[in-house]
Amino acid sequence: MNRGEWVRFKECVREFMIGVAEMTVEFGKGCRDIVKQSLVNEDSYIVRKLGRDSYIGKRVRKPCAKLFAKLSFFNEYLPEDKDPLHAWSVIFFVSLLAFSALYVNSEDDTSSPPVKQVFVHPPSASRIVLPDGRYMSYKEQGVSADKARFSIIAPHTFLSSRLAGIPGVKHSLLEEFGIRLLTYDLPGFGESDPHPNRNLESSATDMSFLADALGVDKFWVVGYSSGSMHAWAALRYIPDRVAGAAMFAPMVNPYDPIMRNEERRRTWNKWTRKRKFMYFLARRFPRLLAFFYRQSFLSGKHGQIDRWLYLSLGKRDKALMEDPIYEEFWQRDVEESIRQGNTKPFVEEAALQVSNWGFSLSDLKLQKRKQKSNVLSWLKAIFTENEEYTGFLGPIHIWQGMDDKVVPPSMTDFVHSVLPGAAVHKLPYEGHFTYIYFCDECHRQIFTTLFGTPQGPLNISLEVDETTLEANIEQQEVANDDDYAAN
């Protein structure tokens, strides 16, 4: 484009912008006329209530007249053929648009990092086939099955996957204690197939099938935050398979009917209004949650968990989230969790948290079984020395950060009031994430509390009776001599 063409192009653009401005002014005049004819006539409600002859109009007429008189000198800067009222209204509107544009541009010019897009990784999980034909994906860490002293199964939390497990736990520490750690994707999460009619009993059953498929007889269950409800379900529905439970900031149903008003108030007061609203939707209108999930963690962009789930965090939790190691781990875990792009499993998980679990925490309390008042039960009690108990017989350990605002300490206090036999370990100054995420010393303390002094993996050695071995060698030599003589 030469200089002449460039000048003509600029002139065309100028004329076009002038035309647009004139059309905008005329459009404003038209809107003003419509408003005058429909809303500002003598019979309209606005004129009767706010007009010159109204009570409000009489009260504000004099102050407004004085103000306009003081500002009238601005009219000297307007063209002579322009109505001041109309001109100043247009100027005000254009100024508002200009300041809005400047504000948006200033926001865009800030040195904020670009939003990272969610990446869907290729499938990589090991999977088993459940009896109903569904596939369950899992991850195995620590020592092999034949060397494991202890087996742990850890169901994950909301917006997580099998990759979480015990975040940041080192292989060397698992090997030192002889631990085999198994994690899996809940139905519809990660690479696991969805369940058509999921509940907490089916969750415990899936856990039992996983243990069977991987050759695990008894195992410890680890429940963290919202994942604790699946651990509670294992204690209720498959207690014979569970050796013990380790709970970290365990979540319970915030609408639990056995929770006293004071306990409920102390818990709910720690949560944000938006989080309370999400619990309300999950309990009453769970399908509406899909809209909010599409706008947050299923939008295809990474974000922060506290904003996505409307969490209030303490200082140490906020500091942890700024750690690049945590951020990388968290983003990879989220990408795996939402890889199927379906809102249904998340809606189901949220609804399970606040709906009827099918059991009460009081069902897990260890207590003597009540004898039925009949002759058969009386005779059985006479000839049976061992007393029968109900509830979970194994140990339950609970770790609770005292600065936790996601699962407040009041919730653990409620659990302890229902299950007084549980051992509660209160952690001063710890938040919701700081104790279990990337803390080597914390992990060592946890395993020491659960399993005692580390003894390493099992050392499987075949002990052979030397006498039997010598006899077998002599018989083999005699057989070889007979064969040689026969030949």
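Helices (H or I, at least four residues) and strands (E, at least two) are DSSP runs, numbered from the N terminus. The model is a predicted one, in which local features need pLDDT of at least 70 and side-chain atom pairs count only at pLDDT 80 or more, while totals for chains, interfaces and linings use all residues. Residues are numbered from 1 along each chain as its sequence is written, and side-chain values use heavy atoms, with hydrogens and water left out.

A cavity is a set of points, on a 1 Å grid over the protein atoms alone, where a 1.4 Å probe fits but cannot get out, and its lining residues have an atom within 4 Å of a point. Points are joined across faces, edges and corners, and the volume is the space filled by probe spheres set on them. By this rule there are three cavities of 30 Å³ or more. In the table, Ala, Val, Leu, Ile, Met, Phe, Trp, Tyr, Cys and Pro count as nonpolar, Asp, Glu, Lys and Arg as charged, and the others, Gly among them, as polar.

| Cavity | Volume | Lining by class |
|---|---|---|
| Largest | about 500 Å³ | 20 nonpolar, six polar, three charged residues |

In the second largest cavity, strand 3 (150-155) and strand 5 (219-224) each supply at least two lining residues.

Rings of Phe, Tyr and Trp (its six-membered ring) pair if their centres lie within 6.5 Å, with planes under 30 degrees apart counted as stacked, over 60 as edge-to-face and the rest as tilted. The count comes to 29 aromatic pairs. The rings of F158 and F346 are edge-to-face, because their centres are 5.7 Å apart and their planes stand at 75 degrees. F158 lies in the loop between strand 3 and helix 5 (171-177) and F346 in helix 14, so the pair ties together parts that are 188 residues apart in sequence.

Note on methods. On a 1 Å grid over the protein atoms alone, a cavity is a set of points where a 1.4 Å probe fits but cannot get out, and a pocket is an open set with protein on both sides within 12 Å along at least five of seven lines; lining residues have an atom within 4 Å of a point.
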